[in-house]
Amino acid sequence: VVGTGLPNGGRQRPIAVGPDRWQGILSELKWQRLTGLALRAAQEGAFDLDDDQFRDLMTAQRDLMIHALVLERTLLALWSRLQAAEVEAVVLKGSALAHGVYPDPSWRPFGDIDLLVRDKQWPKALKALSSCGFQRRYQEPRPGFTARFGHAALLEDSQHVEVDLHRTLVAGPFGMWIQPDELFDRTTDFVLGGIVLRRLDNTAALAHACVHASLGFRPPLLLPIRDVAQLCVSDDVDWELMRDWSRRWHLAVVFEHAFDTAADTLGSALPVGLEPVARHDRGDRRALRAYTSDRRRYGGKATATVLAIPGLRGKFEYVGALLFPDRAFLVSRAKEGSAGSYLGRWAVPIRWVRGRSVSLMTAIRDWWTRNPMRAGRR
Amino acid sequence: MVTRGYVRSSSALSRQVGDETLVTRVDRESLDVLAGTAGHIWRLLEQPRTVAELVEILAGHYRADPERIRRDVDRLLEDLVEREWLRPFVGA
């Protein structure tokens, strides 16, 4: 399903799904937002569905498309408000890929609106969206935290339409290394409802798709992987620039991880114009593991971010804000009915320190047991 | 000779789901579902077409009398223009 419509992407033999497994598969298709591609696969005969299954799939796809249209209506309203406020914005992912990159927008459902704005226009953009009824869902650890260390603010209106207002492409160390202002030089037009909007061009969109596919979810979601493949076959990727970004923005490991994951998922190599990187900086690999390994659950991303923040003062301010956030932040992050507590906030670092201490003690004990000098003294 | 034709309204937002087309626009809360011939006409009008072209294609597709198709198509086009999903044009 993920490879449907790509050159050599689909399976040759039709796949049939038994009734006992159908509901599970349908849930997964909905969660992964692959219903559009699944419908296409079914229409091409690559996905062998009975009438009831086909009807279920149509219903799921119709629901996602209705939501996509609601989001696009909102996007156009927000776009005109941002224009009026003279905020330079770029539409990321969702609608931008659906209309600018995919052959059929119904293949690329999306669940929210992603906008990138320049750092210096961040407060103005927040104000413009707030005037359209969009408020932050979560408080910041401290005022100004997102503008300095974060990657985006999640906003929503009374209808629960979500907008991710980005100042960079991803949270954590890679988000600190990427220079978002350069992305504004790599944008192009796309038309929606008769209005001309800006999106990342295919090179910048591919870089973002790789970042999203590799660093967004663990394990990676299938639609971002498809985005990577879709952009790779678009023929107008500037691979020289990708090479440059991979060096300057420490993204070589991320690109490689994304392309490998996409090739594994699709069962065939992508037309990638980057040479395999034989040796990466150890720090970059460690930073990648902060997103792709178990470390992600135990504050690995925050630890890696500390290392990426330039200057001691910045590092201290970041750690300070995370360890001692404002009370309002604790409350907004706490489970419903709970006031939130600093002890709860520190549970992850305490577990991490305890885990480290135990490993250190075990290592010392092992060394002590194996130490030949000590054995000789015996 | 003057020809009458139609094109999709540029402000329409749409999605294809199987044989259905969902249509809305920024200034509208509601959403229309174009199914059957209406959906077919919508798909054909991705590019501007004259009424004669539409009738010819649909008569071939449905293997029906072109006169009858023409009457139905005229009615449908009128309705779609009224809902502002289509924009008429007149060309020489």
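Predicted model: local features only at pLDDT ≥ 70, side-chain atom pairs only at ≥ 80, totals over all residues.
Residues are numbered from 1 along each chain as its sequence is written, chains are lettered from A and ligands numbered from 1 in the order in which they are written, and side-chain values use heavy atoms, with hydrogens and water left out.

Visitor: In what order do the elements of chain B run from the N terminus?
Guide: Helices (H or I, at least four residues) and strands (E, at least two) are DSSP runs, numbered from the N terminus. Chain B has 3 helices and 6 strands. Their order is β-β-β-β-α-β-α-α-β.

Visitor: What is the radius of gyration of chain B?
Guide: This quantity is taken over C-alpha atoms, and the globule rule is 2.2 Å times the number of residues to the power 0.38. For 92 residues the rule gives 12 Å, and chain B is close to that value, so it is as compact as a globular protein of that length; its radius of gyration is 13 Å.

Visitor: Is Asp27(B) buried or exposed?
Guide: Buried means under 20% relative accessible area, exposed over 50%, and partly exposed in between (1.4 Å probe, protein chains only). Asp27(B) lies in the loop between β3 (20–25) and β4 (32–34). Because its relative accessibility is 58%, Asp27(B) counts as exposed.

Visitor: Which side chain does that of Asp27(B) join in a polar contact of 2.9 Å?
Guide: A polar contact is a pair of N or O atoms within 3.5 Å; within protein, one must be able to donate a hydrogen and the other to accept it, and residues adjacent in sequence count only if both atoms are side-chain atoms. The partner of Asp27(B) at 2.9 Å is Arg25(B).
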